[in-house]
Amino acid sequence: MFELSTGINDDSKYVIAVKGEVDIYSAPSFKESLYQSICDVNQDIVLDCSGLTYIDSMGLGILVGVLKRVREKGCNMIIRNPRNTVRKLFKITGLDKAFVIEEV
Amino acid sequence: MKSADTVSLCIPLKAEYVSVVRLTASGVASRAGFDIDSIEDIKVALSEVLGKIIENQPSIDRINIDFVLQGDGISVNIDIPESIPDLFNNEEDKFALAIIKSLMDDMEMIRQDHIVITMVKKLGKAV
């Protein structure tokens with residue numbers, strides 16, 4: 001399962017930290033939690049993935065959906081500190097071009 | 001000639017058991033001599049296939065997964081007891097297919113009276 005912690009403001013960005021695994025089992029609640037977290041946010045969002053140990057294509061699809069919503073508000077979404085295994089999936093799927101991926 | 005070691009797992013086709021398969025894949029692949037990166041590749045690819053089966057065919061109760069340890073790698077055979085539609089036919093599925101094809105050395109689906117999906121990963125081939 002996964003864990004989300006939100007609401008930490010960092011240099012005018014809204015930081016959401018995700019820990020654990022996002023797979024076919026946890027994806028529905030991940031989607032609900034993440035969408036709930038961003039619904040009132042009108043600033044750039046940082047998704048801190050340093051604690052994300054596993055994500056599958058369903059999870060990546062959810063992140064794409066979030067990115068679309070964030071961009072509709074004129075903001076951006078940054079993927080921060082993904083582990084190598086997670087970063088690899090962004091690269092394979094070409095999503096490394098859609099998201100800003102940063103190491104801090 | 002010594003036959004290949006095979007580890008078999010029969011699971012209920014439910015999302016909550018995919019993590020059990022990942023855990024098993026991790027142990028078997030480690031036993032086969034894969035490094036951590038390659039073990040992750042196998043776990044991810046296997047989860048993607050199982051996820052697509054669960055999405056497309058929730059009426060199946062159980063499926064069987066064989067991990068066949070070959071001298072030069074591992075073959076993962078997923079036996080589905082009945083016919084299912086194409087697993088990768090919509091836009092979102094392309095992520096899954098891209099992931100599987102990138103992480104594994106070979107993947108094929110054989111359709112007979114039942115369906116067998118086979119994925120192969122060779123030793124020393126981490127992506």
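Modeller: Helix axes are lines fitted to C-alpha atoms over the stretch in contact, and angles run from 0 to 180 degrees between N-to-C directions. Keep in mind that this model is predicted.

Biologist: At what angle do helix α1 and helix α2 of chain A pack?

Modeller: The angle between α1 (residues 27–38) and α2 (residues 57–72) of chain A is about 15 degrees. Their axes are 10 Å apart.

Biologist: Why is α1(A) called roughly parallel to α2(A)?

Modeller: Angles under 35 degrees count as roughly parallel. The packing angle is about 15 degrees, so α1(A) is roughly parallel to α2(A).

Biologist: Is the crossing left-handed or right-handed?

Modeller: α1(A) passes α2(A) in a right-handed crossing.

Biologist: Which residues make the contact?

Modeller: From α1(A) come A27(A), F30(A), K31(A), L34(A), Y35(A) and I38(A). From α2(A) come M58(A), G59(A), I62(A), V66(A), R69(A) and V70(A). By class, the residues of this contact are 9 nonpolar, 1 polar and 2 charged.

Biologist: Turn to L89(A). Where is L89(A) found?

Modeller: L89(A) sits in helix α3 (residues 84–93) of chain A.

Biologist: How do you know whether L89(A) counts as buried or exposed?

Modeller: The cut-off for buried is 20 or more other C-beta atoms within 10 Å. L89(A) has 25 C-beta neighbours inside 10 Å, and therefore counts as buried.

Biologist: Which residues is L89(A) in contact with, neighbours within four places in sequence aside?

Modeller: They are I55(A), L60(A) and I99(B).

Biologist: What makes up the side of chain A that touches chain B?

Modeller: 14 residues of chain A are in contact with 17 residues of chain B. On the side of chain A, α2 and α3 are the elements that give two or more residues. α3(A) gives the most, with 5 residues. That side of chain A has 6 nonpolar, 4 polar and 4 charged residues.

Biologist: Now the sheet in chain B. What is its strand order?

Modeller: The order is β1-β2-β3-β5-β4 (chain B), an open sheet of 5 strands with antiparallel pairing.

Biologist: What makes β1 and β4 of chain B edge strands?

Modeller: β1 (5–12) and β4 (106–111) of chain B each pair on one side only. Neighbouring strands of this sheet are turned by 15 degrees against each other on average, direction ignored.

How values were computed. Residues numbered from 1 in each chain as written. Chains lettered and ligands numbered in written order. Predicted model: local features only at pLDDT ≥ 70, side-chain atom pairs only at ≥ 80, totals over all residues. Helix = DSSP H or I, 4+ residues; strand = E, 2+ residues; numbered from the N terminus. Buried ≥ 20, exposed ≤ 12 C-beta atoms within 10 Å, placed from the backbone. Contact = placed C-beta atoms within 7 Å. Parallel < 35°, antiparallel > 145°, perpendicular 65-115°, else oblique. Left-handed = near helix turned anticlockwise from the far one by under 90°. Nonpolar A, V, L, I, M, F, W, Y, C, P; charged D, E, K, R; others polar. Pairing = 2+ DSSP bridges.
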